[in-house]
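Hi everyone, thanks for coming. Let me put the structure up, and then we'll walk through some strands together.

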Amino acid sequence: MDLIIPTISQGLLWSLLAIGVYITFRVLDIADLTVEGSFPLGAAVAAACMLGGMNPVLAIFVAAFAGMLAGVVTGFLCTKLKIPALLAGILTMIALYSVNLHVMGKANLSLLQVDTVFTLYSIPDVTLGNMVLVIGAAVVVFTGVLCYWFFGTEIGASIRATGCNPHMIRANGINTDITIILGLLISNALVAVSGALVAQANGFADVGMGVGTIVIGLASVIIGEVLFGTRSFKNCLISVILGSIVYRAVIAIVLQMGMPPNDLKLFTAILVAAALSMPLCQAKLKKRKVAE
Amino acid sequence: MLNIENIKKTFNPGTITEKVALRGVSLHLKPGDFVTVIGGNGAGKSTLMNAIAGTFKVDAGKIVIDGKDITKLPEHKRAKYIGRVFQDPMMGTAANMQIEENLAIASRRGQFPTLRWSAPEAQRAYFREQLKPLNLGLEDRLESKVGLLSGGQRQALTLLMATMVEPKLLLLDEHTAALDPKTAAQVLELTNNIVNSRKLTTLMITHNMRDALSCGNRLIMLHEGRILIDVSGDEKKSLTIKDLLAMFEKAAGSELNSDALLLS
């Protein structure tokens, strides 16, 4: 029972990553691996700033800005230099590994000695664990509303149309290079903020903390879509956030049931592979039924 | 309205798949001209359209629309002047977005997008009024996703979107070819209504010779990257398919491969 609050809290902090992955994977129709680098980038930048004496809230904004730059680099590689999006993301991700080491100066930074957004403002009778839940929820609601608004504007609609049909949107006068770069920028800003928040909540930033984040993001997106629907953009955003929480719950449950933590990534990869192959399996089953 | 001067295009130059698609095409359209374009497979019809639309840059020559040289402009910047309907009904609309959202994007063609709300309630009445003449009942389905529509409905919607902001030039690239005959006839009728009532300068590719003769005030036939036949006015009105085939044989010095063109 005492796992419920931390599970939801972690789910909320990681849901910003899930929204970021949703924006590239579903809205732009690009599998963007930059997140594997921009997640630890957000953590590294926030940690370095905070250890340098910066306000932890401000540090999150600096992290977001760093994430934006990472997204722009990938966007530039895949639009202006015509490198396939998947490879562009891998290149940025690999480059960011070195960048992150430079930012932190070493492979791991502890944040236990400095104030974080969760310790900065204390509310009487609210424990640190509950503060993570409260602040996490506030940030996620704010981000969700902001995303819903932005993707409903003329620029946001152009980005959505770019992922859906680039021919159509170009025929209507929109530069798809710009919309793709903008989408990657927003996505990676959210991912970096997620990294910054997770680092602050867990008390450290680590150069290896990005490994597998794309798969975690995809798992959250797919679980959310299957369980909570995809009727509209608003519905999708809520689904993805809830999907992130459900993913954390699933992980907590399988760990409780005795699965070795080392197998977590394997488990997640199998989960995502199974979910992604579901449409094909369903079609095959249907065909067999029709044949009978 | 449209001035094309000696445009040339070769795909994959210097390779084994080299293909000379346009060998110097010049074309002058007056405002309100409705030109049908015919020609066999590989004649350069679609290449001509795409050269005008800016899908690629031409190797030589000049394209001017309404006095503005667009030869070097990228595709999205030409959209301000050009409305387009594609052969593939999937290409003109965004399937995952609502009818209303698609119309909202089309209603701003050529404008820079802002942070204003994309599909405000206030525009709905206008969209309904625009959709009504299509007689497809789409005015009651503004919030439906376009992906749920049939190919004919999507082409009709694309046609509306392409002409919502009045284009200086309307490009129709075999826009009825992928539809069944009945739907194709309906979309063609709609095309005639829109183009004729608003006197839009239009280039329409068709592979149907009868449509090419019955629509518009001018007809051009492309062959091997050149304009082979160009008839307009009364001469076009009295033209029959037989005449057209005879003209082709005389001009090209060979018999027209009728597989490539529908004679009926």
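Before the pairings, a word on terms: two strands pair if DSSP finds at least two bridges between them. Helices (H or I, at least four residues) and strands (E, at least two) are DSSP runs, numbered from the N terminus. This is a predicted model, where local features need pLDDT of at least 70, side-chain atom pairs count only at pLDDT 80 or more, and totals for chains, interfaces and linings use all residues. Residues are numbered from 1 along each chain as its sequence is written, while chains are lettered from A and ligands numbered from 1 in the order in which they are written.

Let's start with β9 of chain B, residues 218–223. With β10(B), residues 226–232, β9(B) forms six antiparallel bridges, and B:Arg218 sits opposite B:Ser232. Two residues separate these strands in the hairpin, where B:Glu224 has a positive phi near 50°. β9(B) also runs parallel to β3(B), residues 34–38, joined by four bridges; there, B:Thr36 has B:Leu219 as its bridge partner.

Is β9(B) mostly covered or mostly open? Mostly covered: five of its six residues are buried, meaning 20 or more other C-beta atoms, placed from the backbone, lie within 10 Å of a residue's own.

Now to the open sheet of chain B, four strands in the order β2-β1-β4-β5 with antiparallel pairing. At its edges are β2(B) (19–29) and β5(B) (68–69), each pairing on one side only. Inside chain B, β1 (2–11) and β4 (60–65) share five antiparallel bridges, and B:Lys8 faces B:Ala60 across that pairing.

Note on methods:
Buried ≥ 20, exposed ≤ 12 C-beta atoms within 10 Å, placed from the backbone.
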